[in-house]
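This report describes pockets, salt bridges and a surface patch in one protein structure. Please look over the sequence and the model before reading on.

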Amino acid sequence: MFKKIAIATLVLIIVFSIVFGYIYIKEQRLPNFDAIQAVPIDASIIIKSQNAISKLTHIRTGNEIWSELKNLPAVNRLDEDFAVIIDFVGKIPEASEIFAQKEIVISLHKQNKKDLGVLYYIPLNASRDKKLILEGITAKLGLGNQPVKRNFESNVIYQIATNQPNRTIYLSFIKGLLIISPSGKMIENALQQAGTSESLKNDAGFLRVSKTAGKNVDANVYINFKHLPEITSTLFNTNLQ
């Protein structure tokens, strides 16, 4: 009798373990969502690259052309934005690991007459990555830099103060993506774009160019010539006619 009870108990434990494991794996599974679908359609330049933070660091510190471009005020401010993101990711091991593993999408936009806006789109491995990143921020940045949360439509935007004066980082999670930007408005634009059916992924021109993307290259760069004049006018601070 005791043997039968023990066997029945073991069977129940195995069944519950299988069911629990299935539910857990299902909850961790992320939607199949292409980061390009979250890129606002007014993007002038889109970059797709593996280990993008390392490459941005190299460009900032070891590229003579970039050093010359920084003489332009808009590029210099963009370079400072890059520095803020690089420093932020470097402090959060959980974020650093994901940045290193995944292909990152970066988009550049005209933000206003003087500034360029930048957005980073990072695919997550599993839904638990969100928790790990937020816990990493809480643990590493200290009490004085805890995220300030605000709701935007059905999403949450986290605002994080940095150690650099007047520099703030904004981030949000949507459909398995982590989106980061030095601009809260840019995050809002990306979240709105992610919720629409029309995107650059439906654009015939972008699709045609994306098919030519190289596989073993440092980065694939897509230029949206329709919006490129907006960036050049910002770089040289001229008015478009």
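## Terms and model

A residue is called buried when its relative accessible area is under 20%, exposed when it is over 50%, and partly exposed in between. The structure shown is a predicted model.

By that scale, Arg60 counts as partly exposed because its relative accessibility is 24%.

## A network of salt bridges

The structure holds five salt bridges. Arg60 takes part in one of them with Asp79, where the N to O distance is 3.0 Å. Asp79 lies in helix H4 and Arg60 in helix H2, so this pair ties together parts that are 19 residues apart in sequence. Asp79 has a relative accessibility of 4% and therefore counts as buried.

Asp79 also meets the side chain of Lys70 in a salt bridge, with 3.9 Å from N to O. At 25% relative accessibility, Lys70 counts as partly exposed.

Another salt bridge joins Glu103 and Lys48, whose closest N and O atoms are 3.9 Å apart. Glu103 belongs to strand E2 and Lys48 to strand E1, so the pair ties together parts that are 55 residues apart in sequence.

Are the two partners buried or partly exposed? Glu103 is partly exposed, with a relative accessible area of 33%. Lys48 is buried, because its relative accessible area of 18% falls under the 20% limit.

## The largest pocket

The volume of the largest pocket is about 630 Å³. It is lined by 24 residues, and those closest to its centre are Ile47, Ile59, Trp66, Phe82 and Leu108. By class, the lining is made up of 19 nonpolar, three polar and two charged residues.

Which elements each supply at least two residues of this lining? They are strand E1 (45-50), helix H2 (52-62), helix H3 (64-69), helix H4 (73-91), strand E2 (103-110), strand E8 and helix H9 (228-235). Helix H2 gives the most to the lining, with five residues.

## The second largest pocket

The second largest pocket contains about 370 Å³ of space. Of the 19 residues that line this pocket, Leu200, Asp203, Gly205, Phe206 and Asn224 are the closest to its centre. Two or more lining residues come from each of E1, helix H8 (204-210) and E8.

Helix H8 provides the largest share of this lining, four residues. The lining of the second largest pocket has 10 nonpolar, five polar and four charged residues.

## A nonpolar patch on the surface

Which residues form a nonpolar patch on the surface? Val221, Ile223 and Phe225 do, and together they have about 310 Å² of accessible area.

Ile223 is found in strand E8, which covers residues 220-223. Ile223 counts as partly exposed, because its relative accessibility is 42%.

Conventions. Residues numbered from 1 in each chain as written. Predicted model: local features only at pLDDT ≥ 70, side-chain atom pairs only at ≥ 80, totals over all residues. Heavy atoms only, no water. Patch = residues over 30% accessible without salt bridge, like charges linked within 9 Å, V, L, I, M, F, W, Y side chains within 5 Å. Areas by Shrake-Rupley, 256 points an atom, 1.4 Å probe, with all protein chains shown as cover. Salt bridge = Lys/Arg side-chain N within 4 Å of Asp/Glu carboxyl O. Buried < 20%, exposed > 50% of the residue type's maximum accessible area, 1.4 Å probe, protein only. 1 Å grid on protein atoms, 1.4 Å probe; cavity = no way out; pocket = protein on both sides within 12 Å on 5 of 7 lines; lining within 4 Å. Points joined across faces, edges and corners; volume = space filled by probe spheres on them. Nonpolar A, V, L, I, M, F, W, Y, C, P; charged D, E, K, R; others polar.
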